[in-house]
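Here is a short briefing to keep beside the viewer while you look around this model.

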Amino acid sequence: MRDFIAGLPKAELHLHIEGTLEPELKFELAARNGLELPYASVEQMRAAYTFDSLPSFLEIYYEGMRVLRTEPDFYDLAMAYLTKAAEQNVRYAEIFFDPQAHTSRGVPFDVVIRGLRRALLDADTRLGVRAQLIMCFLRDFQAEYAMATLLESLPYKEWIAGVGLDSDEKGNPPRKFAVVYERARQEGYLLTMHCDIDQDDTVEHIRQAIEEIGVDRIDHGVNVIADLRLVEAVLERGLGLTCCPISNGHVSDGMKAEDIRKLMDLGVRVTVNSDDPAYFSGYVQENLEALQGALRLTRDELADLERNAFEIAWLPRHLKDAYL
Ligand code: HPA
Ligand code: ZN
């Protein structure tokens with residue numbers, strides 16, 4: 001099965017580029033930028049990656065990305081991920097980035113996006129991996145800061161496929177960003193947002209995302225299974241879910257494989273993705289293997305998962321068809 005999965009052409013739709021920062025590159029960037037790290041070695045750093053909730057993960061995630069300072073840093077980060085993706089036969093990736101995690105510590109927006117963009121162009125020509133960017137707002141910051149970030153992104157609109165919403169969900173419902181999302185839609189951005197696993201009010205957040213925001217996709221969203229009326233809405237609108245099995249195990253009580261199975265059986269367009277692979281120890285290959293192991297997925301079912309991913313990808317029809 002491992003070889004079958006390895007051979008499948010894949011699309012990755014839920015991947016935080018800052019969550020691909022492996023300890024080795026973190027040390028390299030720290031040295032380049034003259035920064036001290038609170039770990040003596042790669043092994044020690046990896047050993048400190050212990051989290052059992054979304055907030056405990058986010059603390060380490062934001063701490064880690066402080067080494068990213070310059071345009072070449074962002075280029076190297078994205079190029080490292082895209083090289084790994086190419087090795088795993090990922091043909092297409094939609095990549096989240098968190099501009100506010102950088103602008104809030106003094107790194108200019110254009111430094112971030114120019115570095116990432118240059119890597120995407122090089123990966124297309126050198127590695128044969130196509131990729132697009134999705135700009136995420138940090139939901140634990142004020143909506144006004146998200147709006148300012150949206151406005152700052154407009155000169156780079158052609159480089160950004162859509163917007164997302166991530167970070168700590170507690171007390172930060174989709175509704176908080178209704179005005180920002182409305183403006184993003186007017187500007188031509190496609191819309192997605194995280195409704196993370198087992199967070200407070202996450203089912204209500206899924207409802208708001210669908211009914212009040214009108215998202216084009218939901219990131220995670222597995223808790224929708226608790227409300228069959230909402231599952232109906234997901235089916236009716238053809239919304240895809242970008243699930244991340246290994247990540248689920250780090251922020252909740254398990255991979256949620258059985259819930260994912262139920263959603264697949266109901267006909268929901270479920271996809272398998274890696275979220276923050278440097279922190280959760282698993283890129284898309286390992287996530288597919290983990291879900292296959294838990295559910296005994298057949299080859300046809302694995303192929304269906306990747307078909308779903310290309311189907312819900314934010315690509316024009318003729319490009320999707322070229323992958324399918
Ligand atoms: N959930 C919410 N915010 C995030 C995540 C996640 O899994 N990864 C990076 N930011
Ligand atoms: Zn995520």
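Predicted model: local features only at pLDDT ≥ 70, side-chain atom pairs only at ≥ 80, totals over all residues.

The protein holds 17 helices and 9 strands. Its radius of gyration is 18 Å, close to the 20 Å that the globule rule gives for 324 residues, so the protein is as compact as a globular protein of that length.

**Overall fold**

- Along the principal axes, the C-alpha trace of the protein spans about 55 × 45 × 40 Å.
- Buried residues make up 48% of the 324 in the protein.

**The shell around ligand 1**

- Which residues surround ligand 1? They are His16, Gly19, Leu54, Tyr61, Asp166, Ser167, His194, Asp196, Ser247, Asp275 and Asp276.
- By residue class, this shell divides into 2 nonpolar, 5 polar and 4 charged residues.

**Helices α5 and α7**

- Helix α5 covers residues 71-87 and helix α7 covers residues 109-127; the two pack at an angle of about 35°, and their axes are 7 Å apart.
- The crossing of α5 and α7 is right-handed.
- On the α5 side, the contact is made by Glu71, Pro72, Asp73, Phe74, Tyr75, Ala78, Met79, Leu82, Thr83 and Ala86.
- On the α7 side, the partners are Val111, Val112, Arg114, Gly115, Leu116, Arg118, Ala119, Leu120, Asp122, Ala123 and Leu127.
- The residues of this contact of α5 with α7 divide into 14 nonpolar, 2 polar and 5 charged.

**Two residues with positive phi**

- Asn89 is not a glycine, yet it has a positive phi of about 65°.
- You will find Asn89 in the loop between α5 and β2, the latter being residues 90-97.
- Is Asn89 buried or partly exposed? Asn89 is partly exposed, because 16 other C-beta atoms lie within 10 Å, a count between the limits of 12 and 20.
- His220 also is not a glycine and has a positive phi, here of about 70°.
- His220 lies in strand β7, which covers residues 217-220.
- His220 counts as buried because it has 29 C-beta neighbours inside 10 Å, and 20 or more are needed for that class.

**Ala6 in helix α1**

- Ala6 lies in helix α1, which covers residues 2-7.
- With 14 C-beta neighbours inside 10 Å, Ala6 counts as partly exposed.
- Leaving aside residues up to four places away in sequence, Ala6 touches Asn89 and Gln285. Asn89 is the residue in the loop between α5 and β2 that was described above.
- His102 is 96 residues from Ala6 along the chain, and the C-alpha atoms of Ala6 and His102 are separated by 34 Å.

**Two residues of helix α11**

- Arg237 lies in helix α11, which covers residues 228-237.
- Arg237 is partly exposed, with 13 other C-beta atoms within 10 Å.
- What distance separates the C-alpha atoms of Arg237 and Arg296? The separation is 29 Å, for a pair 59 residues apart along the chain.
- Glu232 has its place in helix α11 too.
- Why does Glu232 count as exposed? Glu232 has 11 C-beta neighbours inside 10 Å, and a residue is exposed at 12 or fewer.
- Glu232 and Val268 are 36 residues apart in sequence, and their C-alpha atoms are 9.2 Å apart in space.

**Gly188, in a loop**

- Gly188 sits in the loop between α9, residues 178-186, and β5, residues 190-191.
- Gly188 is exposed, because it has 11 other C-beta atoms within 10 Å and the limit for that class is 12 or fewer.
- From Gly188 to Ile160, the C-alpha to C-alpha distance is 9.9 Å, and the two are 28 residues apart in sequence.

Terms used: Residues numbered from 1 in each chain as written. Chains lettered and ligands numbered in written order. Helix = DSSP H or I, 4+ residues; strand = E, 2+ residues; numbered from the N terminus. Rg over C-alpha atoms; globule rule 2.2 N^0.38 Å. Near = placed C-beta within 6 Å. Nonpolar A, V, L, I, M, F, W, Y, C, P; charged D, E, K, R; others polar. Axes fitted to C-alpha atoms, helices over the stretch in contact; angles between N-to-C directions. Left-handed = near helix turned anticlockwise from the far one by under 90°. Contact = placed C-beta atoms within 7 Å.
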